[in-house]
Amino acid sequence: MISLTHSLQISSFPIKCPISNTNCAAHRSGGRVFLRRTNSSKCGYKGKCFAAEQPQSQPEVSQQKSKRPRKKTPEIDKKNGVDPVGFLTKHEINNKAFNHFLRERYKALKDLKEELSNRHYEVQDLASGYEILGMHRNVQHRVDFMDWAPGARYCALVGDFNRWSPTENSAREGNLGHDDYGYWFIILEDKLREGEEPDQVYFQQYNYVDEYDKGDSGVTVEEIFKKANDEYWEPGEDRFTKSPYELASKLYEQIFGPNGPQTEEEMEEILDPQTRYNEWREKHKDDPPSNLPPCDVIIDDGAEHEEFDVVTDPAWKAKFKAKQAPIAYWLETRKGRKAWLEKYLPGIPHGSKYRVYFNTPMGPLERVPAWATYVIPEADGNQSFAVHWEPTPEIAHKWRHKHPPKPKSLRIYECHVGISGMDPRVATFNEFTDNVLTHVKKAGYNAIQLFGVVEHKDYFTAGYRVTNFFAVSSRFGTPEDFKRLVDEAHGLGLLVFLDIVHSYAAPDEMVGLSSFDGSNDCYFHSGKRGQHKFWGTRMFKYEDHEVLHFLLSNLNWWITEYQIDGFYFHSLPSMMYTHNGFATFTGDVEEYCNQYVDRDAMLYLIFANEMLHFLHPNIITIAEDATLYPGLCEPTSQGGLGFDYYANISASELWLSFLENVPEHEWSMSKLVSTLVGNKYSADKMLLYAENHNQSISGGRSFAEILFGSAKTDEALLRGCSLHKMIRLITFTIGGPAYLNFMGNEFGHPKKVEFPMSSNKFSYSLANRKWDLLEDSFHKKLFTFDNDMMKLDIDGKIMQRGSGGIPNVHHVKDTEMVISYLRGPFVFVFNFHPTKSYERYSLGVEEAGEYQIVLNTDEEIYFGQALISQDQYTQRTISRRTDGMRVCLEVPLPSRTAQVYKLTRIRRA
């Protein structure tokens, strides 16, 4: 007997009565059950209905909620520590327009989150589209494919597995094949082998990878079901599983009687809930005991929406809560991979080539799917295609190493896999793993940053015109090869960062996202705003929820699938401003909040950082922004964008300007220090580099090439070598807790990088690295210096020293061209003067005592002249006020040299 006494089992559901316009909604809160009528114009029904199962949605309740007036949320939520303009005080910014912009941006962020929450239950769902989109093996002996193409009218998969037929594997008609948001769903059923019978259980599942041999024991489904009935169900509990229609018929009979109405006209007025409940109690007062839940209700009279208190036996309630669902028995019915291979042929075998076929208003189109994980872009002149990647468990990569701990300082080695070999060809993931990773570890770096890994059609773009955001570049190897690279790096204690390009996309159509569904505004803005003003790339439509879903899922994909430790967000000005960052910035704060600022792009960056740090607390995000937008590395709760670090691009540009355009004796020490130190409010979040790949690639020259690439005399070689070491040392030690070096520059690689293109007749002669130079005496000495420089941080933690991790720059002399600063017990002194040396140069220090040189750029092992003798390596302080400090050092200071002193003995007064 089913009645209201069983309502305790209902948590939240809508109830659909047999009358078309009569709906009842119920939900449970704690131990109380609430029922209300949502629409009952045909009958004066105020009461309750019963339901045997729980539908998926509750539209009536949602409509009621949407009509309620929104409560005005305070802009500053002190309880949760949220202040949308919180960082302005720290940065001493007092600008009404920027203040207003941040507040409006915060309101827009809240509205966006509310809109997204209507479709996605939590952040994990919003950032996990890769779990259902693209090609996925389903446990029910099939492969599911889903993609987003709102402008298409028809969708099918074509490939070598179906002879490229556009009709054999198409999306079904109706909701099962195409929903209102523009997502298409296609099922590729596995094919029964000849002589095999279909599975006895309609929803038979198979283990393909995880525990892939489980289920091959030969135990039948019937035996497992019998085991479940014997072990799990108590007598009588499986009554409704054996007779699934009994519950529905009892429910109908209880509400309408044994001969209930069949049409709306036959419907009589339904009595109120209390009257019907009293009648039921009177009718069943003499019923014998049963094993149904011993529940009853207490009715509170007088309320328009009746409220029921559910009472039950405490012992039964505890037993009910302790009982687990019989999922283990259901999982035991799964068969293993061996059983699957014996019965079925894969509907789309591993390694199959495929594309998605659309019928659009512009005509039929073929595209590489947007969520494809392995793509061959125009190989040997052929059209691009995706590759179904489903390796067998025996060859699929198995992770062996965990993520290294998050370091307090970053020493990043920037790499490109394709040019990492010595031969004039494209190097592979496996070659990089075997040959380069050990060098990076030996050099003293603790992270690698890879650019050009995400699939791109044109090799000469160095990977910055991405065509397939979920695929590793096939020219370097397979997804399993890249997993091995990351795994081995983790085994060496190296973090792996990915240079991610979400600021624009390649304009390619067949293999890219441009005009993906035949329309011009699927993923991107239409018109001029959808095109980068100078590069011709496509600009994302960040306000579109599907685009947000795509990009956020992409970030999460690289972490979950490939165990990436962080992201370097490339070229943020391209997305943050409608002029793509190609404008003159004077430093006026209003330039960061005027009509050229793309607020939707900033909301995406905030959302991305919040999502990444929520799902992966140890993730590291780095912003590349030449405009130095205020609050880049401030918490999103305080009005910032939430990045962990920002790259100070100005430092590298200044060095290049000095080397190419300014005579050495005219270098400004004040300008140099102010540029390297950067914004004092964000110095502890700054990543510095003297040169990255930009200085070496296609048209540029590395500093080594500028300084001594064409040196013909020993004097010229010595000058170039001295400046090369000094530039790297001051950049490494004067900035924040992060430093970056491009592959090969640590040993002064003399050649630039030039990818094969039409201008060089597609030559690979400069698209490599000459690792054999490490055997050369000169380059080996430069590498030794860089290695010892890294040890300053490994052993001395210099990048974390100073007040708040920032050095005390206390001595800057433009005339003498001398710079000195302090970091904890270390004293750094640089003499950039090309000719003037000093025998006893005075520098103020904080602690009185004995200081000893721990690194000297002029040592012979670093290709120096050893102008400072060994007996001068130890210096004692003098009690004389210098540089605002009570004691000083008088040190020898040859021209074009730098020394690092360390306090080894403290002298007390």
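Here is a walk through the predicted model shown above, from the whole chain down to single residues.

Because the model is predicted, local features need pLDDT of at least 70 and side-chain atom pairs count only at pLDDT 80 or more, while totals for chains, interfaces and linings use all residues. Residues are numbered from 1 along each chain as its sequence is written, and side-chain values use heavy atoms, with hydrogens and water left out.

Let's start with the overall picture. The protein chain contains 22 helices and 33 strands; these are DSSP runs numbered from the N terminus, with helices (H or I) of at least four residues and strands (E) of at least two. Of its 909 residues, 53% count as buried, where buried means under 20% relative accessible area, exposed over 50% and partly exposed in between (1.4 Å probe, protein chains only). Among the contacts (heavy atoms within 4.5 Å) with a separation of 6 or more, 72% are between residues 24 or more positions apart.

Strand 4 is joined to strand 5 (residues 142–148) by five bridges, and Arg137 stands opposite Val143 in strand 5.

An α-helix has 3.6 residues a turn, so residues three or four places apart point the same way.

Next comes strand 17 (residues 447–450), which has parallel partners. Strand 16 (residues 410–415) is joined to strand 17 by four bridges, with Cys415 partnered by Leu450. Strand 20 (residues 495–500) also pairs with strand 17 in the parallel sense over four bridges, and here Ile448 stands opposite Val496. In a regular strand the side chains alternate between the two faces of the sheet. In strand 17, Ala447 and Gln449 point one way, Ile448 and Leu450 point the other way, and all are buried.

For helix packing, look at helix 15 (residues 545–562) and helix 17 (residues 599–615), whose axes come within 11 Å and cross at roughly 35°. Axes are lines fitted to C-alpha atoms, for helices over the stretch in contact, and angles run from 0 to 180 degrees between N-to-C directions. The residues in contact include Leu551, Leu555 and Asn556 of helix 15 and Phe607, Met611 and Leu615 of helix 17.

Finally, an open sheet of six strands has antiparallel pairing and the order 26-27-28-33-30-31. Its edge strands are strand 26 (808–813) and strand 31 (874–876), and the twist averages 20° from one strand to the next. Helix 19 (residues 669–677) packs on this sheet, touching strand 26 and strand 27 (818–823). Helix 22 (residues 777–796) also packs on the sheet, touching strand 28 (826–831), strand 30 and strand 33, and its direction makes about 140° with that of strand 30. Strand 30 (residues 849–856) and strand 33 (residues 897–906) are joined by seven bridges, where Leu855 has Val900 as its partner.

Technical notes. Pairing = 2+ DSSP bridges.
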